[in-house]
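Subject: Structure handover and notes

Hi there,

Here is the structure I promised to pass on to you. Please open it alongside this note.

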Amino acid sequence: MNRKLSDKMLRQNYYFLPEGKTHPLFSHLLKHQIIQLKKAEETLILLCVGTDKITGDCLGPLVGTKLTENHYPHPLYGTLKNPVHAVNLPSVLSKLRSIYPAPFFLVIDAAVGPAEKIGYVSLACSPLSPGKGIRRNLPPIGNISVTGIVGEAGQHSELELPYTRLYLVNQLADYICAGILHSENE
């Protein structure tokens with residue numbers, strides 16, 4: 001792949017299946033999206049969104065916890081111990097914007113999507129809308145977003161999230177964590 005990604009490539013969503021062991025490609029694209037989009041004066045901040053109270057929504061805090069345990073070198077918010085979720089997201093964002101004058105957010109969250117994409121990881125150079133799949137009205141956040149698709153989008157997505165298999169969420173979290181850590185060493 002060309003070292004410099006085209007504008008068209010930056011706007012695409014990329015999907016990765018963790019069983020496919022493609023995290024080197026995920027890591028490569030993530031690193032290059034950060035290089036292309038982040039300005040020198042901006043601080044890279046990882047924001048892992050979700051709650052530990054609902055299995056289908058614990059992907060973000062699980063990734064945050066795994067990265068913290070692996071000594072991730074950049075500021076990171078959202079772990080199983082201190083989650084960033086729908087209730088506290090606005091205040092956390094306000095706090096982060098006061099601490100960091102020029103934040104660049106890499107946001108991790110669980111998502112619902114088409115049935116054929118359940119179990120995939122999505123990487124996009126665009127904000128995500130946390131809570132959108134369960135009809136929550138929260139502001140879009142992030143410069144780059146990574147989502148793990150944990151369930152099918154539909155009328156009853158909110159009711160099904162507590163019954164998401166933890167195995168699936170953990171598999172997605174391991175993949176995302178490995179990919180992010182590998183992108184730091186690439």
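Below is what was found in it, starting with the overall layout.

This is a predicted model, where local features need pLDDT of at least 70 and side-chain atom pairs count only at pLDDT 80 or more, while totals for chains, interfaces and linings use all residues. Residues are numbered from 1 along each chain as its sequence is written, and side-chain values use heavy atoms, with hydrogens and water left out.

**Layout**

The protein has 6 helices and 6 strands, taken as DSSP runs numbered from the N terminus (helices H or I, at least four residues; strands E, at least two). Read from the N terminus, their order is α-β-α-β-α-β-α-β-β-β-α-α. Of the 186 residues, 48% are buried (buried is under 20% relative accessible area, exposed over 50%, partly exposed in between, with a 1.4 Å probe and protein chains only). Among contacts with a separation of 6 or more, 74% are between residues 24 or more positions apart; contact here means heavy atoms within 4.5 Å.

In H3, 9 of the 11 residues are buried, so the helix is mostly covered. Leu-59, Gly-60 and Pro-61 are among the buried ones. Their cover includes strands S2 (43-48), S3, S4 (103-113) and S6 (144-152), along with H6. After H3 comes His-71, with a positive phi near 60°.

H3 and H6 cross at roughly 45°, and their axes come within 9 Å. For these values, axes are lines fitted to C-alpha atoms, for helices over the stretch in contact, and angles run from 0 to 180 degrees between N-to-C directions. The two helices are therefore oblique to each other (under 35 degrees is roughly parallel, over 145 roughly antiparallel, 65 to 115 roughly perpendicular, and the rest oblique). The crossing of H3 and H6 is right-handed, meaning that the near helix is turned clockwise from the far one by less than a right angle. Residues that meet there include Leu-62 and Leu-67 in H3 and Ile-176 and Ile-180 in H6. By class, this contact has 11 nonpolar, 1 polar and 2 charged residues (Ala, Val, Leu, Ile, Met, Phe, Trp, Tyr, Cys and Pro are nonpolar; Asp, Glu, Lys and Arg charged; the others, Gly among them, polar).

**The salt bridge**

How many salt bridges does a search of the whole structure find? It finds 1, where the term means a side-chain nitrogen of Lys or Arg within 4 Å of a carboxyl oxygen of Asp or Glu. The partners are Lys-66 and Asp-174, at 2.6 Å from N to O. Lys-66 sits in H3 (residues 59-69) and Asp-174 in H6, so the pair ties together parts 108 residues apart in sequence. Lys-66 is buried at 16% relative accessible area, whereas Asp-174 is partly exposed at 37%.

**H2 against H6**

Helix H2 (residues 23-37) also packs on H6 (residues 166-185), at about 55° with the axes 8 Å apart. That makes H2 oblique to H6, and the crossing is right-handed. The contact includes Phe-26 and Leu-30 of H2 and Tyr-175 and Gly-179 of H6.

**A loop residue**

Val-84 lies in the loop between strand S3 (76-77) and helix H4 (89-99), and is buried at 3% relative accessibility. Its C-alpha atom is 6.8 Å from that of Cys-48, a residue 36 positions away along the chain. Beyond neighbours within four places in sequence, Val-84 contacts residues including Leu-47, Cys-48, Tyr-77 and Leu-89.

Best wishes
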